[in-house]
Amino acid sequence: MTADKSGLYRDPSRQLAALLAGEPDPIANAANTVALIYHTLPDLNWAGFYFCDGPELVLGPFQGKPACARIAIGKGVCGTAAARAATVLVPDVHDFSGHITCDPDSRSELAVPLVEAGRVLGVLDLDSPLRARFDEVDQAGCERLVAQFLEHHRQYPSCRLWRNSGDQK
Ligand code: SME
């Protein structure tokens with residue numbers, strides 16, 4: 001079961017490499033990354049990036065309904081992932097105290113921080129209308145996609161992605 005499901009992430013990883021190849025702009029790359037995730041993984045109603053902007057996360061490219069533009073670091077699922085510099089997997093958002101409702105249809109959520117050299121640069125956030133949609137296979141798969149996204153940009157040292165950080169401003 002688990003082995004089969006991890007295959008779900010093999011194609012996105014290959015397609016992501018092709019989509020990112022040669023492109024230094026992190027916003028264009030973030031837009032294509034979430035479009036790929038949203039249209040490849042089943043049962044999502046939202047997929048997007050938030051990027052650190054001082055003490056807040058600010059909305060980046062996404063697919064799905066309009067969402068909150070800013071989330072304080074430490075608040076909600078995304079802000080918690082950023083504050084902990086660790087993935088937060090929420091089987092049922094109704095059980096997560098402080099969950100920020102952007103779309104009332106969202107029932108489960110997975111927030112993966114973008115961590116580079118110990119600095120949190122942002123969060124990749126996925127929402128599903130299904131309870132317990134995400135498990136450890138999704139967590140590992142999305143963490144690998146985030147790692148691939150960061151690794152791609154390392155070849156561009158002046159990329160503005162490296163200037164986004166919760167520890168600046
Ligand atoms: N639910 C998130 C807010 C972002 S949206 O789901 C797009 C949270 O609690 O941080």
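Predicted model: local features only at pLDDT ≥ 70, side-chain atom pairs only at ≥ 80, totals over all residues.
Helix H2 covers residues 10-20. Its buried residues are Pro12, Leu16 and Leu20. Viewed along the axis of H2, these buried residues stay within an arc of 60°, so they line one face of the helix. An α-helix has 3.6 residues a turn, so residues three or four places apart point the same way. The other side of H2 carries the exposed residues Arg10, Asp11, Arg14, Ala17 and Ala18. The cover over the buried residues of H2 includes H3 and H5. Just after H2 comes Gly22, whose phi is positive, at about 80°.

Helix H3 takes up residues 26-40, which makes 15 residues. From its first C-alpha to its last, H3 reaches 20 Å, close to the 21 Å expected at 1.5 Å a residue. Buried in H3 are Pro26, Asn29, Ala30, Thr33, Val34, Leu36 and Ile37. Down the axis of H3, the buried residues fall within an arc of 155°, so they too line one face of their helix. That set of buried residues has several partners: it packs against helices H2 and H5 and against strands S1 (46-53), S2 (56-64) and S6.

The loop between H3 and S1 contains Asp43. Phi of Asp43 is near 60°, a positive value in a residue other than glycine. Most residues other than glycine have a negative phi. Is Asp43 buried or exposed? Asp43 has 12 other C-beta atoms within 10 Å and is exposed, because a residue with 12 or fewer counts as exposed. Ala132, in the loop between S6 and H5, is a further case. Ala132 has a positive phi of about 55° although it is not a glycine. With 12 C-beta neighbours inside 10 Å, Ala132 counts as exposed.

Helix H5 runs over residues 136-153. Its 18 residues should span 26 Å at 1.5 Å a residue, and the end C-alpha atoms are 26 Å apart, which agrees. Which residues of H5 are buried? They are Asp138, Gly141, Cys142, Val146, Phe149, His152 and His153. These cover an arc of only 135° around the axis, which puts them on the same side of H5. On the other side of H5, Glu136 and Glu151 are exposed.

Gln139 is found in H5. With 15 C-beta neighbours inside 10 Å, Gln139 counts as partly exposed, because that count falls between the 12 or fewer of an exposed residue and the 20 or more of a buried one. Beyond residues up to four places away in sequence, Gln139 touches Thr87, Leu89, Leu110 and Phe134. Gln139 and Leu110 are 29 residues apart along the chain, and their C-alpha atoms are separated by 7.3 Å. Arg144 also lies in H5. Arg144 is partly exposed, with 17 other C-beta atoms within 10 Å. Neighbours within four places in sequence aside, Arg144 is in contact with Tyr9 and Ser13. Along the chain, Arg144 and Tyr9 are 135 residues apart, yet 8.8 Å separates their C-alpha atoms.

The largest nonpolar core has 37 residues. Those with the most contacts inside this core are Leu57, Cys78, Ala81, Ala82, Ala111, Val112 and Val123. Strand S1 provides the largest share of the core, six residues. What does Leu57 contact, apart from its neighbours within four places in sequence? Its contacts are Tyr50, Phe51, Cys52, Arg70, Ile71, Ile73, Cys78, Gly79, Ala82, Gly122 and Val123.

The last stop is the ligand, which is surrounded by 15 residues. The closest are Gly76, Val77, Cys78, Ile100 and Cys102. The elements that give two or more residues to this shell are helix H4 (76-84) and strand S6 (119-128). H4 gives the most, with four residues. By class, the shell holds eight nonpolar, four polar and three charged residues.

Technical notes:
Residues numbered from 1 in each chain as written. Near = placed C-beta within 6 Å. Nonpolar A, V, L, I, M, F, W, Y, C, P; charged D, E, K, R; others polar. Expected span 1.5 Å × (residues − 1). Arc of directions from axis to C-beta. Contact = placed C-beta atoms within 7 Å. Core = buried A, V, L, I, M, F, W, Y, C linked by C-beta atoms within 7 Å.
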